[in-house]
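Open the model and follow along.

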Amino acid sequence: MQHMANMSAVRDVSLTPAVDVRGLSHVYAGREGAVPALSDIALEVPAGRFVVIVGPSGCGKTSLLMMLAGLRRPTSGTILCDGRPIAKPDPARVGVVFQEASLYPWLTALDNVEFPLALKHAPREERRARAEAMLKLVGLEGFGTRYPHELSGGMKQRVSIARGLMQDPPVLLMDEPFAALDEQTRMTMGHELLRIWSQTSKTVVFITHSLTEAVYLADEVIVMSARPGRILDRIAIDLPRPRTYQMMATDLFGRLRERIWEQIRTVP
Amino acid sequence: MTRPSPRTVRRLIGLALLVAWEAIPRLGILPELFIPPLTKTLYVLWLDRAIYAAALLVTLYEVAVAMLIACGVGILVGAVVGGVASIRNLMLPVFSSLYAVPIVILYPVFTAWFGIGSESKIAFAGVYGFFPVMLSTAAGIRTIDEQYLIAARSMGASLPQLIIRVIIPASIPTVLAGLRLGGALTIIGVVVSEMLTSADGIGYLVTKNRTTLDSPRVFAAIIVILALSVVFDLAVRWIERRTLIWQIAGRRERPDARTSRGAMPAPATA
């Protein structure tokens, strides 16, 4: 009995959620008074999980992500990351990859990836070595001297991912990172992301509009309602890993996709 | 037969104009009072080279100081107006309207305040060049892609870091465009004010020789001013090329960039 209690205590520690959102609500001041954007969001993401958030446009997904990143303050509620509250951006705990390539056009790919460490005045050799390792991880070894405009859309997002991983944060937030890519590139990038994820064991919170992408990538899909955004459903994706493109043709894949669609569709 | 490049055509047109400049007065198509032949103009320029050099030095000094004022104050005020919303809403409409005022009408006031020496030219040209620099700096800062700022904040940038590492490099292209325009206006401002009320400078030589109907010497002064403007433009282009590698490279054809980097490893497709 004693032994069992110890075991569970140990497990509790190891299971401190990477992201823990409690009672989070957000109201912003619109032109016609207060607009409730998010309502009573509770979300626990265990370490190492790949969670995808879907929901209709304007449901506050991006707001939620900005709050997880410490870029915006919620009206009420708490956000814990690794057991500690997030009050301001902390790239050592939370890395962010944005929708459009938010790379700096005046910096080379390598300098872009180094940017977060340059802000911390890390020694030059150290950050160069780390940036080169990250570029290699995302499959862009040898492209470090190129400027963003010399890279394709997919390559730019690879650089963004490398930059998000630069400080080895346990949590990686991704705001529709592949939305601007064409379908084929998008599929390839999703697959690449899973490879990178499996090599780095990050906790990923990923926002998308694509239900196929959601089911293909996720351990769990969170379905949000239209504004004010609430969590409607949490769907465990029981597809085995590693995921393959063939799985998209399976019944299970179709049923999961259907279940998400039903919820988003029925919301007025 | 291949079509000649635009550059060749441009040079040919330039050459044709120079030939016309020489030929038209020589052939008596226009009197020499209107256009003195090119060689004659260059000859008097050579004869009076000491006078022109001295005048040019005065003009250069005035232009340099006026540009320093126009660019320095322009960038500073532009940064504040562009960066601080409340000041922008208060001031930008005023500045935009002022920009449309022909400031040259104020020149008599400047001479009353600063005399007819270099100071009034510098003050006038400085004000003249200030507006485009200020307005484009404000525009450059205001139109920075918000995503750049959000990304930098997500990576933990402090406000000084945000300014130095993101806002300044992001606004350089627009600011440089403003400097180019503002610098050119400063030259105009100096020359015009020298022509109006002055006792020295290249603009003064234009006015002085015009009153004596000495056309070759008027045109000699014009050539010097043209040269000054062209040198300024070349200098700004050179600075642009040096600082905006990433932008200019973007305008270049892609194959160019590829061949120059042929030693690259096999590219990832996505």
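**Reading the model, feature by feature**

Q: Where is B:L179 placed?
A: B:L179 sits in helix α8 of chain B. Keep in mind that this is a predicted model.

Q: Is B:L179 buried or exposed?
A: Count the C-beta atoms around the residue; 20 or more within 10 Å means buried. B:L179 has 25 others within 10 Å, so B:L179 is buried.

Q: Which residues is B:L179 in contact with, beyond its neighbours in sequence?
A: Set aside the neighbours within four places in sequence. B:L179 is then in contact with B:C71, B:V133 and B:V236. Also look at B:I75. B:L179 and B:I75 are 104 residues apart in sequence, with 9.0 Å between their C-alpha atoms.

Q: How many residues does each chain give to the contact between chain A and chain B?
A: Take each side in turn. Chain B gives 19 residues and chain A gives 28. On the side of chain B, the elements that give two or more residues are α7 (146–154), α8 (159–196) and α11 (245–251) of chain B. The largest share, six residues, comes from α7(B).

Q: What classes of residue make up the side of chain B that touches chain A?
A: Sort the residues by class. That side has 13 nonpolar, five polar and one charged.

Q: How many helices and strands does chain A have?
A: Start with the inventory. Chain A has eight helices and 10 strands.

Q: What does the radius of gyration say about chain A?
A: Compare the value with that of a compact globule. For 268 residues, such a globule would have a radius of gyration near 18 Å; chain A has 19 Å, which agrees. Along the principal axes, the C-alpha atoms of chain A fill a box of roughly 50 × 50 × 45 Å. Of the 268 residues of chain A, 43% count as buried.

Q: What share of the contacts in chain A joins residues 24 or more positions apart?
A: Take the contacts with a separation of 6 or more. Residues 24 or more positions apart account for 70% of them in chain A.

Q: In what order do the four strands of the open sheet in chain A lie?
A: Read across the sheet. The order is β2-β1-β4-β5 in chain A, and the pairing is antiparallel. At the edges stand β2 (33–45) and β5 (84–85) of chain A. Each has a single partner strand, so one side of each is left without a neighbour in the sheet.

Q: How many bridges pair β1 and β2 of chain A?
A: Follow the bridges along the pair. Strand β1 (residues 19–30) of chain A pairs with β2(A) in the antiparallel sense over nine bridges. One residue pair to find is A:V19 with A:V45, its bridge partner in β2(A).

Q: Which helix packs on this sheet?
A: Look for a helix that touches the strands. Helix α2 (residues 61–68) of chain A packs on the sheet and touches β1, β2 and β4 (76–81) of chain A. Its direction makes about 65° with that of β2(A).

Q: Are the faces of strand β6 of chain A covered or uncovered?
A: Check the residues on each side of the strand. In β6 (residues 94–97) of chain A, both faces are covered. A:V94 and A:V96 are buried on one side, A:G95 and A:V97 on the other. Four bridges join β6(A) to β7(A), and the two run parallel. Within β7(A), A:M174 is the bridge partner of A:V97.

Q: Which residues have the most contacts inside the largest nonpolar core?
A: In soluble globular proteins, nonpolar side chains tend to be buried together. Here the largest nonpolar core has 124 residues. Those with the most contacts inside it are A:V51, A:L68, A:V113, A:L135, A:L173, A:V205 and A:V221. Take A:L173 as a case. Leaving aside neighbours within four places in sequence, A:L173 is in contact with A:L65, A:L68, A:A69, A:V94, A:V96 and A:V205.

Q: What is phi of A:D168?
A: Phi of A:D168 is near 50°, a positive value in a residue other than glycine. A:D168 lies in the loop between α5 (153–164) and β7 (171–175) of chain A. A:D168 is exposed, with 12 other C-beta atoms within 10 Å.

Definitions and conventions: Residues are numbered from 1 along each chain as its sequence is written. Chains are lettered from A and ligands numbered from 1 in the order in which they are written. This is a predicted model: local features need pLDDT of at least 70, side-chain atom pairs count only at pLDDT 80 or more; totals for chains, interfaces and linings use all residues. Two residues are in contact if their C-beta atoms, placed from the backbone, lie within 7 Å. Ala, Val, Leu, Ile, Met, Phe, Trp, Tyr, Cys and Pro count as nonpolar, Asp, Glu, Lys and Arg as charged, and the others, Gly among them, as polar. A nonpolar core is a set of buried Ala, Val, Leu, Ile, Met, Phe, Trp, Tyr and Cys residues joined through C-beta atoms within 7 Å. The radius of gyration is taken over C-alpha atoms; the globule rule is 2.2 Å times the number of residues to the power 0.38. Two strands pair if DSSP finds at least two bridges between them. Axes are lines fitted to C-alpha atoms, for helices over the stretch in contact, and angles run from 0 to 180 degrees between N-to-C directions.
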